[in-house]
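Biologist: Hi! I'm new to this one, could you walk me through it?
Modeller: Happy to, let's have a look together.

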Amino acid sequence: MAVKRGIAIADVVVAYKRPHCFEIKSDVDSLSRLINQSKIFSEVFPKVTLVTTDKHLQKAIKIVPAWWGIIVASSYEAEKVKLKYYRKSRFNPSDTTNNLLSILWNDELKSILNEIKEPYKKSLNRAELVDKVQSAVSKKRAEGIFVDTIFERKVNG
């Protein structure tokens, strides 16, 4: 999923009750982009988990915020991987609502405003539409709207 207009790409975003981003770094990956990804994903998602290997664990711990979860993937049989929590994710201490809603498309934001019966000018740009949605709903409701919208996008797209 493209984040912040494609500045970073989230490997996996789980949209269950609240959005949860998973970034994956295998043994063959470099951690060179993780510093920037850590900053960007922390600005957007209410929960983030890094999935990595023992090879990268110690360096990754120093890069990602303490509220990020970390899962270590280890080989234990041929072609089998064991996943074990190093630490569970906690909720982001920052409000990410604006950046999270900014992932949505203009038509999706307009549809949301129509559903919540919030009037708006058709000429509003994405940032203005996001502000309008954000000011009309709670943070928790905005996260739910994001989850529902992404689900509908995947089902219908």
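**A walk through the model**

Modeller: Let's begin with helix α4, which is followed by K117, a residue whose phi is positive, near 60 degrees. Keep in mind that this is a predicted model.

Biologist: Thanks! Which residues are buried in α4?
Modeller: E108, L109, I112 and L113 are buried there. They cover an arc of only 140 degrees around the axis, so they sit on the same side of α4.

Biologist: And which residues are exposed on the other side of α4?
Modeller: Those are D107 and E115.

Biologist: Switching to the sheet: what is the order of its strands?
Modeller: The order is β3-β4-β5-β6-β7, in an open sheet of five strands with mixed pairing. At the edges are β3 (12–15) and β7, each of which pairs on one side only. On average, neighbouring strands of this sheet are turned by 25 degrees against each other, direction ignored.

Biologist: How do β3 and β4 pair, parallel or antiparallel?
Modeller: Antiparallel, with four bridges between β3 and β4 (residues 19–24). A15 has P19 in β4 as its bridge partner.

Biologist: What about β5 and β6, parallel or antiparallel?
Modeller: Parallel: β5 (residues 47–52) is joined to β6 (residues 69–77) by four bridges. For T49, the bridge partner in β6 is G69.

Biologist: And how many bridges join β6 to β7?
Modeller: Seven, and these two strands run antiparallel. I70 stands opposite R87 in β7. β6 and β7 form a hairpin with two residues between them, and E79 in the turn has a positive phi of about 65 degrees.

Biologist: Where do the helices go? Which strands does α1 lie across?
Modeller: α1 lies across β4 and β5, and runs at about 180 degrees to β4. α2, in turn, lies across β5, β6 and β7, at about 165 degrees to β6.

Biologist: Now the core. Which residues touch the most other members of the largest nonpolar core?
Modeller: F41, F45 and W68 do, in a core of 36 residues. Elements that each supply at least two residues of this core include α1 (34–44), β5, α2 (54–63), β6 and α6 (139–156). The α4 we began with is another one of them.

Biologist: Tell me about W68. What does it touch?
Modeller: Leaving out residues up to four places away in sequence, W68 touches L34, Q37, S38, F41, S42, V48, L50, R87, K88 and S89. R87 in that list is the residue of β7 that stands opposite I70.

Key. Residues are numbered from 1 along each chain as its sequence is written. This is a predicted model: local features need pLDDT of at least 70, side-chain atom pairs count only at pLDDT 80 or more; totals for chains, interfaces and linings use all residues. Side-chain values use heavy atoms; hydrogens and water are left out. Two strands pair if DSSP finds at least two bridges between them. A nonpolar core is a set of buried Ala, Val, Leu, Ile, Met, Phe, Trp, Tyr and Cys residues joined through side-chain atoms within 4.5 Å. Buried means under 20% relative accessible area, exposed over 50%, partly exposed in between (1.4 Å probe, protein chains only). Contact means heavy atoms within 4.5 Å. Axes are lines fitted to C-alpha atoms, for helices over the stretch in contact, and angles run from 0 to 180 degrees between N-to-C directions. The arc is that of the directions from the helix axis to the C-beta atoms.
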